[in-house]
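Hi there,

Here is the structure I promised to pass on to you. Have a look at it first, and my notes follow below.

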Amino acid sequence: RQAARQVLLVHVLGAQVSATSSSMGSRDGEQQQGEAGSEEQGSSEAAASSSNGNAVQSSANGTSQQRLRTAVTLPPLSPALTADLAVGLASLGIYTPELADAVAAWAVLQPGGGLARFSSKQLCALLWAFATWQHDVLELFEGAAEVLVAREGPAAPGAAAGAARAGSGKRGMSVRDCHKLMWAWAKFNRHPGGELLEAVRVSWERAAAGFPAPPTSNGNGKAGSHAAAAAGRAPPLDALCTILYACAILREHRSPLALVLAGQLKAVSDAQPELHTSNEFQQQARQVAACLLAAAAEQQVSPVQGALRPEALDAALGVWRAGGEARA
């Protein structure tokens, strides 16, 4: 039902924004008729945008506040539907700058609290969608960070309540929410600030406490028992590796968040000596290698190096090298 709702929102609102944008474009064109050189200027800007790619998009987003204030107005949507619309569009690969700006404007500028109206889960989903679009809206990211720090950080009211607050009301980020949030910031290579990293760490540790201890092996393919108690609790491997990768991109190789993640990765590695042969690890191998190489480039040692067995480190670097050879 949720997927169907997202598709319906995509078609209805996408059509509305497209029609409104077209009419606005027609009016703008009529107003600009007769201005000398206007067509040539527009053509040259389009050519520059095409040739410069993300650099031009980033430059255009330098005026994102003006774009938000002139964006197409969406019909009234709840925060849940706004997040659903963005995630539905991004998941289906549907993107137009006008629609993305309209969603951002509705989220950021609406009276009644703006981004504070959204739950933490909805904010993480919204940022994930914009990162998937590669549509950078500084006000959206910075505003979401401010809300999340106030709501989820260690100094937030009720922080001592721990796991009891997760999932209640607007508070509480799950492991997947942290995963989406950190990936979104890393996608734009923009540091979220130390306070948000600490809020993610607090939320991550709280959420990860609900996961069972990782499965163990005695080397013969049979489950063991003694290692489970020592291994602690570990969330999904893809979430662990993606957030470690995000920390590396943000040059936070040995931040408290990265060290917590590396400790949990070590628990998984200790419990599964043959981890490097699994399909799950192979899918994350490039991110693991990127953590190692990014830290080495800055003359640091990634905590991933101490978390994984030598065989796993070699396997990750092998996947990285193979990818480089294939691209060459």
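Is H6 largely enclosed by the rest of the structure, or largely open, and why? Ten of the 13 residues of H6 are buried, so this helix is largely enclosed. Here, buried means under 20% relative accessible area, exposed means over 50%, and partly exposed is in between (1.4 Å probe, protein chains only). The buried residues include Leu99, Asp101, Val103, Trp106 and Val108. H6 covers residues 97-109 and reaches 17 Å from its first C-alpha to its last, close to the 18 Å expected at 1.5 Å a residue. That expected span is 1.5 Å times one less than the number of residues. Helices are DSSP runs (H or I, at least four residues), numbered from the N terminus.

Some ground rules before the rest. This is a predicted model, in which local features need pLDDT of at least 70 and side-chain atom pairs count only at pLDDT 80 or more, while totals for chains, interfaces and linings use all residues. Residues are numbered from 1 along each chain as its sequence is written, and side-chain values use heavy atoms, with hydrogens and water left out.

Now the core. The largest nonpolar core has 81 residues, and Phe130, Leu181, Met182, Trp204, Phe281 and Leu308 touch the most other members. Domain 1 (62-136) and domain 2 (172-214 + 233-301 + 308-327) both give residues to this core, so it lies between them. A nonpolar core is a set of buried Ala, Val, Leu, Ile, Met, Phe, Trp, Tyr and Cys residues joined through side-chain atoms within 4.5 Å, and the domain bounds come from an automatic or database domain assignment. Leaving aside residues up to four places away in sequence, Leu308 touches Leu265, Ser269, Leu275, Phe281, Val288 and Leu313; contact means heavy atoms within 4.5 Å.

On to charges. Eight salt bridges are counted, each being a side-chain nitrogen of Lys or Arg within 4 Å of a carboxyl oxygen of Asp or Glu. Asp177 pairs with Lys121, with the closest N and O atoms 3.2 Å apart. This bridge links distant parts of the chain, from helix H9 (residues 175-187) to helix H7 (residues 120-133), 56 residues apart. Asp177 is buried at 2% relative accessibility, whereas Lys121 is partly exposed at 45%. Arg176 and Asp238 also form a salt bridge (2.9 Å, N to O), and this pair joins H9 to helix H12 (residues 237-249), 62 residues apart. Lys266 and Asp270 form a salt bridge at 2.8 Å; both lie in helix H13 (residues 256-271), four residues apart, about one turn of the helix. Glu198, Arg201 and Glu205 are linked in a network of salt bridges.

Finally, the rings. There are four aromatic pairs, counted when ring centres of Phe, Tyr and Trp (its six-membered ring) lie within 6.5 Å; planes under 30 degrees apart count as stacked, over 60 as edge-to-face and the rest as tilted. The rings of Tyr95 and Trp133 have centres 6.0 Å apart and planes at 45°, so this pair is tilted. Tyr95 is partly exposed at 32%, while Trp133 is buried at 9%. Phe141 and Trp185 form an edge-to-face pair, 5.3 Å centre to centre with 85° between the planes, and both residues are buried. Ring pairs also link Tyr95, Phe130 and Trp133 into a cluster.

Technical notes: Helix = DSSP H or I, 4+ residues; strand = E, 2+ residues; numbered from the N terminus.
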